[in-house]
Amino acid sequence: MTLRVTEGDERGWAVVRVSGEMDLVTSPVLRQRMHEAVADGRRDVVLDLSEVLFCDSSGVGVLIATRRLIRSCQGRLRLILPAQGAVDGSHVNRVLGALGVRRLFDVYPDVDAAVGDESSSLSA
């Protein structure tokens, strides 16, 4: 399976929707897109991972590197990790929780919540 990355804009936030599998082969695609977004001046980014079916350690590495990159630019990164997403629940949510790194991210149930003026993330 492949990784599909699409971009949009909502209320001043770059919204990057990711679907498919984030693995050793496909994760560099997302890494490159995030570098391009920051190079284009995007500092506030929502990564919608609700349609990601699989994520391995290379995918997690890209998420952590993206967080570091955006924070270095004084930007904000928010993840969409619904409890139920893709086919059988958010795989990324479970992987981040199992690895103990979910707490590093501001997590929201959907894009509307993430780009809202008074957004409050879901508890880790």
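This is a predicted model: local features need pLDDT of at least 70, side-chain atom pairs count only at pLDDT 80 or more; totals for chains, interfaces and linings use all residues.
Me: What makes up the chain in terms of helices and strands, and how are they defined?
Reply: The chain has four helices and five strands. Residues are numbered from 1 along each chain as its sequence is written, and side-chain values use heavy atoms, leaving out hydrogens and water.

Me: What makes S2 and S3 a pair?
Reply: Two strands pair if DSSP finds at least two bridges between them. Strand S2 (residues 13-22) and strand S3 (residues 44-55) are joined by eight bridges, so they pair, and they run parallel. In one of these bridges, valine 15 has valine 46 of S3 as its partner.

Me: Why are S1 and S5 called edge strands?
Reply: The open sheet has five strands in the order S1-S2-S3-S4-S5, with mixed pairing. Strand S1 (3-10) and strand S5 (106-108) each pair on one side only, which makes them the edges.

Me: How much of the chain is buried, and what does buried mean?
Reply: Buried means under 20% relative accessible area, exposed over 50%, and partly exposed in between, with a 1.4 Å probe and protein chains only. By that cut-off, buried residues make up 47% of the 124 residues in the chain.

Definitions and conventions. Helices (H or I, at least four residues) and strands (E, at least two) are DSSP runs, numbered from the N terminus.
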